[in-house]
Amino acid sequence: MKQSLVKPGVLLQQETELRRAFLEHAKVIPGAEKIKICLQCGTCSGSCPLSYAMDIMPRELIALFRAGDIDSILKSRTIWICASCYTCQTRCPVGIKVTDVIYALKRTAIEKKYFTKHYPVHSLARSFTNCIYKTGRLNESTLMFRYFLRTGIWKSFSYLPLGLKMFFKGRLKLKSSKVKNIDVFRKILKKSEALELPVEREKIMYQPDAVGYKSVG
Amino acid sequence: MKFTYYPGCSLHSAHLGYDISCKAVFEELGFELEELNDWNCCGATIYMSVSEVTALACAARNLALAEKQNRDLVAPCSSCYTILNKANRYLKNSPDLREKVNDCLKEEGLEYEGRVKIRHPLEVLINDIGTELIKLKVKKPLDGLKIAHYYGCQIVRPEKGFDDRENPTTMETLFETLGAEEVYFPYKVRCCGGMLMTTFESAALKLSMEILESAVENGADCIATTCPLCQMNLEAYQDKINKTFDKKFEVPILFFTQLLGIAFGLSSKELGIDKNFYRCEKLSEIEKQLPIQQQPISI
């Protein structure tokens with residue numbers, strides 16, 4: 001980042017690649033090009049119930065993106081803290097899909113292996129998809145077990161009292177029901193994984209050179 | 001009248017109370033919920049952050065199955081409701097995407113044309129069944145019960161659904177007809193923390209604490225909710241919240257269908273209220289009352 005500041009208008013190779021990856025993920029969002037018209041009013045940061053725990057405010061995410069510093073965004077914990085409650089998105093005066101943009105950033109970070117151990121959103125997501133692949137339906141106890149296997153089994157001890165309480169109330173099922181023809185269901189999942197989303201789902205004009213500072217793009 | 005019913009995973013495991021109370025209430029009103037045969041997980045919001053297309057395919061399989069039944073699909077879980085709606089919107093608006101997803105579904109001989117309507121039970125109760133019919137069925141009015149109406153994020157946001165995104169009032173309208181009292185509750189659409197409760201607990205605990213605190217300070221006897229995950233976060237983590245923030249909360253968190261069932265004269269066992277961690281004293285008193293005789297109304 002420092003080097004790009006030294007030479008204004010020139011992006012590092014790495015930054016260009018990140019930018020390309022992010023735009024690739026962002027273009028599936030209908031209306032994503034509105035990120036260009038951000039007013040920097042801060043309604044998103046003010047509305048966010050979790051901004052107190054963030055290191056970069058939602059408003060700053062967009063500012064950093066336009067300034068050509070995706071690297072800092074992906075290193076921040078903001079994108080992993082977002083609980084996707086969509087308050088920012090509904091309140092944005094110019095209609096920027098802030099939450100969906102953060103989803104795109106998450107996918108970029110996962111693709112470029114930016115996630116850190118402290119914010120194990122990715123581990124939970126992986127455990128979740130594995131669970132669904134196995135039975136077609138989700139079982140909370142299996143999900144938690146797989147999640148703890150990934151993030152550290154010692155963590156599960158603090159959940160023991162809660163687990164027991166749930167069990168005695170009959171709310172913890174150890175065995176989950178299955179989709180009848182699980183093999184076919186898996187085939188559907190496998191086949192869809194290879195699919196690419198159509199580029200222009202709605203009218204999107206989202207070109208790398210049309211975003212932010214043209215000379216930087 | 002019949003509806004196709006999509007329970008979703010959590011209603012079959014940790015939130016059985018929502019499942020049985022929903023069915024019981026609809027049955028009491030003379031409507032049938034027929035479970036969607038061989039449904040699968042909708043993918044929830046979490047699948048979206050890994051792969052959007054697979055998440056859509058997951059949801060589309062359910063939509064294709066529901067389309068065969070030719071009825072509206074009722075999804076009580078907020079997450080299922082949003083995701084199925086989102087997938088439906090995407091597939092309807094983009095023939096290109098629909099074709100690709102249908103190609104995957106062909107493996108099972110399914111096809112989706114985009115005709116299913118996804119409904120939330122709360123909205124069905126108000127719009128299809130109507131408060132007048134509900135009023136006729138009330139056997140034990142919830143007089144004096146102070147309810148904090150908590151909607152959570154997903155049934156009101158991100159798209160404009162059946163109610164306002166900042167200040168929804170469907171539940172208020174519903175419980176007003178049952179005689180319950182509404183408390184001032186500015187946190188009704190505030191996020192409870194959602195899945196952060198597992199991945200980033202310290203941040204999520206504070207959010208849930210603020211919601212509980214607001215309800216308690218405004219004198220609510222219980223919180224009525226529509227979302228299984230919110231119910232879980234607010235109820236099951238209350239011990240941890242009390243310990244972390246030095247509070248003494250014992251707020252019962254009930255599903256709106258459970259409160260409705262009590263008003264219809266059903267027992268708390270039939271509604272799965274005995275599976276909740278905290279008892280609502282006032283609600284137990286109401287349950288013990290003798291049912292009132294409804295005056296037959298001549299039209």
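The centres of domain 1 of chain A and domain 2 of chain A, taken over C-alpha atoms, are separated by 29 Å. The domain assignment places domain 1 at 12-116 and domain 2 at 121-193 of chain A; such bounds come from an automatic or database domain assignment. The model is predicted: local features need pLDDT of at least 70 and side-chain atom pairs count only at pLDDT 80 or more, while totals for chains, interfaces and linings use all residues. Residues are numbered from 1 along each chain as its sequence is written, with chains lettered from A and ligands numbered from 1 in the order in which they are written.

**Contact between chains A and B**

- In chain A, 53 residues are in contact with 48 residues of chain B (C-beta atoms, placed from the backbone, within 7 Å).
- Helix 12 (182-193) of chain A is among the elements that give two or more residues to the side of chain A that touches chain B (helices are DSSP runs of H or I, at least four residues, and strands are runs of E, at least two, numbered from the N terminus).
- The largest share of that side, eight residues, comes from helix 12 of chain A.
- The side of chain A that touches chain B divides into 29 nonpolar, 10 polar and 14 charged residues (Ala, Val, Leu, Ile, Met, Phe, Trp, Tyr, Cys and Pro count as nonpolar, Asp, Glu, Lys and Arg as charged, and the others, Gly among them, as polar).

**Sheets of chain B**

- One open sheet of four strands in chain B has the order 2-1-3-4 with parallel pairing (two strands pair if DSSP finds at least two bridges between them).
- Its edge strands, each pairing on one side only, are strand 2 (32-35) and strand 4 (118-119) of chain B.
- Strand 3 (residues 73-74) of chain B runs parallel to strand 4 of chain B and is joined to it by two bridges; Leu73(B) stands opposite Ile118(B) in strand 4.
- Another open sheet of chain B has four strands in the order 6-5-7-8, with parallel pairing.
- The edge strands there are strand 6 (181-182) and strand 8 (253-255) of chain B.
- Three bridges pair strand 7 (residues 222-225) of chain B with strand 8 of chain B in the parallel sense, and Thr225(B) stands opposite Phe255(B) in strand 8.

**Helix contact in chain B**

- In helix 7 of chain B, Leu122(B), Glu123(B), Leu125(B) and Ile126(B) meet Thr170(B), Met171(B), Thr173(B) and Leu174(B) in helix 9 of chain B.
- The residues of this contact of helix 7 with helix 9 of chain B divide into five nonpolar, two polar and one charged.

How values were computed: Contact = placed C-beta atoms within 7 Å.
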